[in-house]
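Biologist: Could you take me through how the helices pack in this model, and then through its aromatic contacts?

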Amino acid sequence: MTMTMTMNPVTINVVMALTVGVLYAVGFTLLLSRSLMRVLIGVVVLGHGTNLLLQLAGGPPARPPIVGTAPPESFADPLPQALALTAIVITFALTTFLLALGYRAFVLVGHDEVQDDVEDRRIARQKVPSAPLEAGDGEEDVEGADDEVEAAAARGRDGS
């Protein structure tokens, strides 16, 4: 680099940065919902936010990086553009997979809500006796507690 070349500091547009933040917030909020369609929309919104973030990180528009047509300091960085194309392909593939998954769930169940597992809720309600920490390493007591929980679960399945 010569002394005549000046380096322009990269400035980030605050409105675009806030837009990326809002897109990520909305995308993650939709991902945490129970509806598969909302999860799909959340993935799409996150994909758009990622594309916008990559274009924002690439800096302002510049000349194409073709050697010999412009000075090198005016070239655009091709890496964010390549990453944005990759993000578009990944988002498209994930969107088609989630569409197929949502359609299959709708055909089998009749709705796209992800339900709680009844067995998980039942196990969470059970109280597991705690093992005393003073007596030895506590291995025997933990195994006994596991046996009690398994026996109670077996009684619950048998209906007694």
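**Helix packing and an aromatic pair**

Modeller: In this predicted model, H1 passes H2 in a left-handed crossing.

Biologist: How is H1 oriented relative to H2, roughly parallel or roughly antiparallel?

Modeller: The axes of helix H1 (residues 14-31) and helix H2 (residues 36-57) come within 8 Å and cross at roughly 160 degrees. Because angles over 145 degrees count as roughly antiparallel, H1 is, relative to H2, roughly antiparallel.

Biologist: How many charged residues does the contact of H2 with H3 have?

Modeller: H2 and helix H3 (residues 78-109) pack with their axes 9 Å apart, at an angle of about 180 degrees, and that makes H2 roughly antiparallel to H3. By class, the contact of H2 with H3 has 16 nonpolar and eight polar residues, while the number of charged residues is none.

Biologist: Which class describes the aromatic pair of Tyr-24 and Phe-28, stacked or edge-to-face?

Modeller: Tyr-24 and Phe-28 both lie in helix H1, four residues apart, which is about one turn of the helix. Their ring centres are 6.2 Å apart, with 25 degrees between the planes. Because centres within 6.5 Å make a pair and planes under 30 degrees apart count as stacked, the pair of Tyr-24 and Phe-28 is stacked.

Biologist: Is Tyr-24 buried or partly exposed?

Modeller: Since buried requires a relative accessible area under 20%, the value of 22% for Tyr-24 falls in the partly exposed class. For Tyr-24, then, the class is partly exposed.

Note on methods: Residues numbered from 1 in each chain as written. Predicted model: local features only at pLDDT ≥ 70, side-chain atom pairs only at ≥ 80, totals over all residues. Heavy atoms only, no water. Axes fitted to C-alpha atoms, helices over the stretch in contact; angles between N-to-C directions. Helix = DSSP H or I, 4+ residues; strand = E, 2+ residues; numbered from the N terminus. Parallel < 35°, antiparallel > 145°, perpendicular 65-115°, else oblique. Left-handed = near helix turned anticlockwise from the far one by under 90°. Nonpolar A, V, L, I, M, F, W, Y, C, P; charged D, E, K, R; others polar. Phe/Tyr/Trp six-rings, centres within 6.5 Å; stacked < 30°, edge-to-face > 60°. Buried < 20%, exposed > 50% of the residue type's maximum accessible area, 1.4 Å probe, protein only.
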